[in-house]
Amino acid sequence: MNAFTQVSTNTTALTNASVHFRCFSFSKTGGFSYFDNMEEAQVHIDTLDEHQVPYDVMTREQFLNQYPMYTLPGDVTVVLTEHPMGALKADACLKALQAEFVKLGGVLRDSTEVVHVEDLDEKFVRVKTCSECIFTCDKLIVCAGTWINKLLYSMGFKLDVKVI
Ligand SMILES: Cc1cc2nc3c(=O)[nH]c(=O)nc-3n(C[C@H](O)[C@H](O)[C@H](O)COP(=O)(O)OP(=O)(O)OC[C@H]3O[C@@H](n4cnc5c(N)ncnc54)[C@H](O)[C@@H]3O)c2cc1C
């Protein structure tokens, strides 16, 4: 997806997209999270309880007995297995979002680098792309991942982005 997109969306679109996610883009595999101590695990357990997500709590030994194909970092003492956990298929999710965006009248421009953004005045922002196209907008969502500061620099912003 391009880093810059003027988003115009509504609840129906998001609902449609989320139905699509559930039907086509999610593989239920089960999964687990691990913790150094019960105190840390409890924060996670409280959230699971709040949302009525089924889980099992295991000690390190119980987990390794039941799943001998896994190894755990040395300091892990508690493992939570979450039954409904799974993997979202990122390519299918993006396709679903892009399809909804286009359906709502959005225009996607792939392989188009944004080279400059600037404040025009108090109300408008100007965006320039590598293909020399210029867009003017009153709202701009920048989702350039770890490259974000390269683009915000010209507007005098800097975010504390860390690659972890
Ligand atoms: C190897 C790996 C495995 C991962 N596995 C998982 C996982 O299993 N589960 C999970 O939840 N997360 C995972 N992540 C993390 C996840 O990929 C990121 O958190 C997520 O992609 C961040 O999304 P984003 O939209 O903020 O940025 P990005 O996905 O980085 O998207 C930024 C986009 O902006 C574009 N861009 C940048 N500058 C410009 C510009 N000037 N003009 C136009 N476009 C521009 C880039 O090309 C890119 O397409 C993984 C990450 C890596 C690297």
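Two strands are said to pair if DSSP finds at least two bridges between them, and strands themselves are DSSP runs of E with at least two residues, just as helices are runs of H or I with at least four, both numbered from the N terminus. In this structure, β7 and β8 form a hairpin with five residues between them. The model is a predicted one, in which local features need pLDDT of at least 70 and side-chain atom pairs count only at pLDDT 80 or more, while totals for chains, interfaces and linings use all residues. Residues are numbered from 1 along each chain as its sequence is written.

**The chain as a whole**

- The protein chain holds five helices and ten strands.
- Of the 164 residues in the protein chain, 7% are buried, where a residue is buried if 20 or more other C-beta atoms lie within 10 Å of its own, exposed if 12 or fewer, and partly exposed in between, with C-beta atoms placed from the backbone.
- Among the contacts in the protein chain with a separation of 6 or more, 60% join residues 24 or more positions apart, a contact being two residues whose C-beta atoms, placed from the backbone, lie within 7 Å.

- Q62 sits in helix α3, which covers residues 60–66, and Q62 counts as partly exposed because it has 13 C-beta neighbours inside 10 Å.
- Although Q62 and V79 are 17 residues apart in sequence, their C-alpha atoms are 8.9 Å apart in space.
- Helix α4 has 14 residues and reaches 20 Å from its first C-alpha to its last, close to the 20 Å expected at 1.5 Å a residue, the expected span being 1.5 Å times one less than the number of residues.
- After α4 comes G105, which has a positive phi near 100°.

**The β7 and β8 pairing**

- The pairing of β7 with β8 is antiparallel and runs over five bridges.

**Loop residues with positive phi**

- S111 lies in the loop between α4 (90–103) and β7 (114–119), and its phi is near 50°, a positive value in a residue other than glycine.
- S111 counts as exposed because 7 C-beta neighbours lie inside 10 Å.
- E132 belongs to the loop between β8 (125–129) and β9 (134–137), and E132 has a positive phi of about 70° although it is not a glycine.
- E132 counts as exposed because it has 7 C-beta neighbours inside 10 Å.
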